[in-house]
Amino acid sequence: MATRFDLSRLPIPLRWLLLIALSALVGQTLDALHMPAGQFIGPMVVAIVLAILGISLRLPRLWFKLGQGAVGMLISQTLSIAVLTTIVGHWPLMVAATALTLAFSYLVGVVSVRYGGMPGTTAAWGTTPGAAAAMVAMAEENDADPRIVAAMQYVRVICVVLIGALVGHVFSTGEGSAVKESVYGFELFPVAASLAVLVVGSLIGQRLLPAGALLGPVLLATPLHLLGLVEINLPAPLLAIAYAAIGCYVGLRFDRPTVRYVMRSLPWMVFASLLLIALCAFSAWLVLHFIATDYLSLYLATSPGGLDSMTIIAIDTQADVGLVAALQVMRLFAVILIGRWMASSIARFAIDER
């Protein structure tokens, strides 16, 4: 039954106008206040509030994919020869950090099964750190409840993004990123070439790779950028739209039925998310003793958020984007490879212990 604040009673064009206007207003305000990833966080928070109030909109998945592609192009710009050399030189530490993060997520999954009242496979996919959309899709393929998995994943995304932005604000060495500043502007041929690589990379990548809409442009644009064949140039308005598309896509998934369904478990979901964030922050502190970099970069690299959101925060806080992207990508592929085993293992634990 419609309530006084039920936005579904508004005409659809007016609902879209409300979403776009408020997202732009809040996103630009946070950006003006130098909030890390403000143009992503603002639209996400706006979309969540409007979704709960019944706006009943769904952003086309294509916009979400192209938004991820834009982030992929920014990642490509950071992957210089020097960065790639550093990544190769520290690969044992990166493997260890990835393994540690997965071990912590396994532990949180077991705790969720034992004390959170959740089915084993659902808890496993819900606590596994990877691309949220990929985890939901894989959960559905493996007989877990996709509604709870989606809620757990996106609750953690919100916690990770908000805490990551706070940590970025505390540890940031400047008000903006060199990457961000270098791409703002408009030159016709570089912009057209960048958009072409973005679209082609996203379309091909999503057919061949997990999180391919983001990784496709990275794999296609990086060699072109290193060889000097393409100058990556994405103007500020396009990046703002890309960030907003990702934020709104995530936020609009929190509709009323989903919120009602998971409300009973929401406190536990938040606790499990915060526990995993704390454990990953501890792993970043451990790795910091063995690699010459800053804590913020390692925190974002090991944080159990999505590759896209962590990269956006890294760009806006002058963190080592190459390191962040490398560790996040490595963990994503590791999850794709062993996620099914983790889920079945946690499920067996639940059967044995309950």
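Q: Which residue just after α2 takes a positive phi?
A: The model is a predicted one. A positive phi of about 90° occurs just after α2, and the residue that takes it is glycine 54.

Q: How far does α2 reach from its first C-alpha to its last?
A: Helix α2 spans residues 38-52 and has 15 residues. At 1.5 Å a residue, the expected value is 21 Å. The reach in the model is close to that expectation, at 21 Å.

Q: How many of the 15 residues of α2 are buried?
A: The buried residues of α2 include Phe40, Ile41, Met44, Ile48 and Leu50. The helix is largely enclosed by the rest of the structure because the number of its residues that are buried is twelve.

Q: How far apart in space are valine 49 and glycine 251?
A: In sequence, valine 49 and glycine 251 are 202 residues apart. In space, their C-alpha to C-alpha distance is 8.0 Å.

Q: What kind of aromatic pair do tryptophan 268 and phenylalanine 271 form?
A: The structure holds five aromatic pairs. In the pair of tryptophan 268 and phenylalanine 271, the ring centres are 5.1 Å apart and the planes are at 45°. The two residues are separated by about one helical turn because they are three residues apart in helix α14 (residues 266-288).

Q: What is the angle between the planes of tyrosine 295 and tyrosine 299?
A: Helix α15 (residues 295-302) holds both tyrosines, four residues apart, so about one helical turn separates them. Tyrosine 299 is buried, at 4% relative accessibility. The two rings form a tilted pair, 6.2 Å centre to centre, with the planes at 35°.

Q: How many disulfides does the structure hold?
A: A disulfide is a covalent bond between the sulfur atoms of two cysteines. Cysteine 159 is buried, with a relative accessible area of 13%, and cysteine 280 is buried at 0%. The number of disulfides in the structure is zero.

Q: Which residues does serine 303 touch, beyond four places in sequence?
A: Serine 303 lies in the loop between α15 and α16 (307-316). Its relative accessible area is 2%, so serine 303 is buried. Leaving out residues up to four places away, the residues touched are Val160, Cys280, Met310, Gln328 and Arg331.

Q: Which element has the lowest mean pLDDT?
A: The protein averages a pLDDT of 79, and 83% of the residues score at least 70. Over residues 180-184, pLDDT stays under 50, though the model has 16 contacts for them beyond four places in sequence. The highest mean among the elements, 93, belongs to helix α1 (residues 12-32), and the lowest, 48, to helix α9 (residues 178-183).

Methods. Residues numbered from 1 in each chain as written. Predicted model: local features only at pLDDT ≥ 70, side-chain atom pairs only at ≥ 80, totals over all residues. Heavy atoms only, no water. Phe/Tyr/Trp six-rings, centres within 6.5 Å; stacked < 30°, edge-to-face > 60°. Buried < 20%, exposed > 50% of the residue type's maximum accessible area, 1.4 Å probe, protein only. Disulfide = S-S within 2.5 Å. Expected span 1.5 Å × (residues − 1). Contact = heavy atoms within 4.5 Å. pLDDT = per-residue confidence, 0-100.
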